[in-house]
Amino acid sequence: MTIKIGLLGFGTVASGIPFLLTENGEKIEAAAHSDLEIAKVLVKDDDEKNRLLAAGNNYNFVTNVDEILGDADIDIVVELMGRIEPARTFITKALEAGKNVVSANKDLIATHGKELISLAQDKGVAFYYEAAVAGGIPILRTLANSLTSDKVTRILGVLNGTSNFMMTKMVDEGWTYEAALKTAQELGYAESDPTNDVEGIDAAYKAVILSQFGFGMTIDFDDVAHKGISNITPDDVTVAQELGYVIKLVGDVQEVASGLSAEVSPTFLPKEHPLASVNGVMNAVFVESIGIGESMYYGPGAGQKPTATSVVADIVRIARRLNDGNIGKPFNEFSRPTQLAQPDDIKAKYYFALSVPDRKGQILRLAEIFNAEDVSFEQVLQQKANGTTARVVIITHELSKTQLANITEKLQAQVDFDLLNSFKVLGE
Ligand SMILES: NC(=O)c1ccc[n+]([C@@H]2O[C@H](COP(=O)([O-])OP(=O)(O)OC[C@H]3O[C@@H](n4cnc5c(N)ncnc54)[C@H](OP(=O)(O)O)[C@@H]3O)[C@@H](O)[C@H]2O)c1
């Protein structure tokens with residue numbers, strides 16, 4: 001049996017698929033119980049079609065999506081165009097036409113996944129998207145299949161390679177945020193508009209998807225608080241190192257007594273935490289669960305071949321199910337009512353960096369503000385007193401989101417205090 005594939009888009013990831021089908025054909029055919037054939041490829045226009053043909057890509061390139069969606073012989077549509085539209089419309093039409101769909105589009109799945117998953121269920125077809133989280137790391141299928149017997153309590157992840165590359169340069173080589181961003185752009189890791197990567201938006205999309213697979217809860221993108229790395233200063237990086245921490249942008253999804261909490265924020269990781277040594281463009285997902293305990297899944301979060309490997313794994317799984325006659329099972333079968341955690345119930349230690357007047361009694365004023373919220377200090381450092389201002393760093397004991405909001409408000413209300421930064425601190 002030959003399973004025919006229609007590709008939507010032929011950019012970085014899609015053009016990596018033929019490599020795997022050729023170089024690993026025997027194993028793929030054995031796993032899929034069929035031959036896989038790229039029957040048609042959608043490109044934007046004739047210029048692109050001619051360019052690709054001239055470059056030796058011998059495919060049936062089409063410029064009208066209906067040539068794929070209306071082709072009864074095509075079983076699997078693989079969307080690798082990115083962005084929301086027209087990807088959302090094309091996937092919807094493909095599912096409505098009874099086609100199975102594979103995508104790597106985290107932006108779309110995090111914001112419109114609910115409707116697409118539900119449509120796939122109604123139509124009895126597959127909608128798989130392993131590559132949407134951490135590119136080459138097979139984390140979604142691991143959570144959905146290998147960890148079915150285990151109860152996941154927390155997922156922490158270094159989920160954005162661009163920001164991790166930048167943070168690694170800032171931490172290991174003392175670069176400024178601006179220098180790290182410039183190099184990331186020169187190396188092609190960051191786009192000309194880097195907002196999604198550096199402001200934690202891309203990682204928040206992945207946290208939405210991890211919430212489904214790890215905890216069975218479908219949360220909205222707006223339920224993921226996200227803060228990026230653009231405000232981190234060399235002073236923050238240095239003091240973190242002095243205190244035994246590494247700062248990274250971390251996605252954190254955890255179930256507490258009142259429900260699920262999901263956020264992305266710069267986080268002080270103890271140097272000995274496995275995520276602290278995930279450097280450069282690499283990704284890692286650290287899972288805490290009641291059975292295995294702690295496990296970490298590490299690998300390339302992006303790149304042509306790693307991402308195409310995850311995409312082809314989805315294609316193979318669909319082909320196998322088509323052969324076995326059990327297509328239509330959801331990618332993730334674990335689903336339960338969504339319940340978000342209460343702010344009083346989400347707790348962590350925090351780092352505060354402040355600029356205060358360089359005169360007596362300022363630490364006492366700070367202690368009074370924190371004490372009024374019933375929060376105590378774990379460590380206090382006074383740095384860089386210059387006769388006018390002093391930089392004070394505080395690491396607290398655990399406090400809740402409610403206490404964090406109250407303390408932040410009170411600190412900001414002090415006219416002679418400047419709250420420079422506050423970050424979550426992981427650890428006992
Ligand atoms: N690259 C990675 O490492 C990676 C990792 C994980 C997930 N992903 C996801 O994988 C998807 C593809 O990423 P990519 O890096 O391969 O992107 P890409 O290199 O930009 O490729 C996308 C291709 O689709 C084409 N395209 C866009 N709209 C189209 C339309 N309406 N009709 C036909 N073709 C269209 C684009 O053409 P133009 O260039 O002319 O617009 C481009 O050639 C995205 O959802 C991305 O988030 C990528």
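Predicted model: local features only at pLDDT ≥ 70, side-chain atom pairs only at ≥ 80, totals over all residues.
**Negative patch and aromatic pairs**

Helix H2 (25-32) and strand E2 (35-42) each supply at least two residues of a patch of negative charge.

**Negative patch**

- Asp-35 is found in strand E2.
- Asp-35 counts as partly exposed because its relative accessibility is 36%, which falls between the limits of 20% for buried and 50% for exposed.

**Tyr-128 and Phe-331**

- Tyr-128 and Phe-331 form a tilted aromatic pair, with 5.0 Å centre to centre and 35° between the planes.
- Tyr-128 lies in strand E6 (residues 127-128), while Phe-331 lies in the loop between helix H13 (304-324) and strand E13 (347-357), so the pair ties together parts that are 203 residues apart in sequence.
- Tyr-128 is buried at 1% relative accessibility, and Phe-331 is buried with a relative accessible area of 10%.
- Tyr-128 and Phe-331 belong to one aromatic cluster together with Phe-127, Tyr-129 and Phe-213.

**Phe-165 and Tyr-189**

- Phe-165 and Tyr-189 form an edge-to-face aromatic pair, at 4.9 Å centre to centre and 65° between the planes.
- The pair links distant parts of the chain, 24 residues apart: Phe-165 is in helix H8 (residues 161-172), and Tyr-189 is in the loop between helix H9 (177-186) and helix H10 (195-198).
- Phe-165 counts as buried at 8% relative accessibility, whereas Tyr-189 is partly exposed with a relative accessible area of 35%.

Definitions and conventions: Residues numbered from 1 in each chain as written. Heavy atoms only, no water. Helix = DSSP H or I, 4+ residues; strand = E, 2+ residues; numbered from the N terminus. Buried < 20%, exposed > 50% of the residue type's maximum accessible area, 1.4 Å probe, protein only. Phe/Tyr/Trp six-rings, centres within 6.5 Å; stacked < 30°, edge-to-face > 60°.
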